[in-house]
Amino acid sequence: MGTTATPGTDYKYVPNIPFKPERGFYFFSQWQHIRYFYTSFENGTDYLGTLPWVLPAENDLLIAEALVRTNGDKARAATLINKTRVGRGGLTPLTSTSSTNDMLAAIFYERDV
């Protein structure tokens with residue numbers, strides 16, 4: 001199994017999955033997270049590679065969440081969220097006029113990815 005996705009992507013689609021139905025349906029996803037595949041055993045490197053403990057993007061999202069929840073600078077919050085939302089995700093950018101709920105939803109989505 002290797003990665004066939006382009007550099008900078010997080011997921012790849014796998015047509016065949018090795019899980020047995022009797023193990024439960026929760027295993028059945030044909031999408032695999034591959035952002036740090038180079039550190040995995042499946043890569044044949046025996047878990048060698050540098051894996052960050054905290055990503056700079058996570059710090060940006062923490063700051064953005066604090067700004068949103070305290071009615072701080074929403075323009076700065078939008079800029080911090082958009083670093084990954086637009087750059088890596090290719091999604092519509094948030095603005096200073098975006099609602100608090102939209103900003104929090106975007107933060108949680110970006111953390112999930």
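**View 1. N82, a buried residue of helix α2.** N82 counts as buried because its relative accessibility is 14% (buried means under 20% relative accessible area, with a 1.4 Å probe and protein chains only). This residue is found in helix α2; helices are DSSP runs of H or I with at least four residues, numbered from the N terminus. Leaving aside neighbours within four places in sequence, N82 is in contact with G87, P93 and L94 (contact means heavy atoms within 4.5 Å). The model is predicted, so local features need pLDDT of at least 70 and side-chain atom pairs pLDDT 80 or more, while totals for chains, interfaces and linings use all residues. Residues are numbered from 1 along each chain as its sequence is written, and side-chain values use heavy atoms, without hydrogens and water.

**View 2. L94 and the largest nonpolar core.** Here we meet L94 again: not counting residues up to four places away in sequence, L94 touches A78, I81, N82, R85, M103 and A106. The largest nonpolar core has 13 residues, and L94 is among those with the most contacts inside it, along with A64, V68, A77, I81, M103 and I107. At least two residues of this core come from each of α1 (56-69), α2 (74-85) and α3 (100-112). Such a core is a set of buried Ala, Val, Leu, Ile, Met, Phe, Trp, Tyr and Cys residues joined through side-chain atoms within 4.5 Å.

Methods
Buried < 20%, exposed > 50% of the residue type's maximum accessible area, 1.4 Å probe, protein only.
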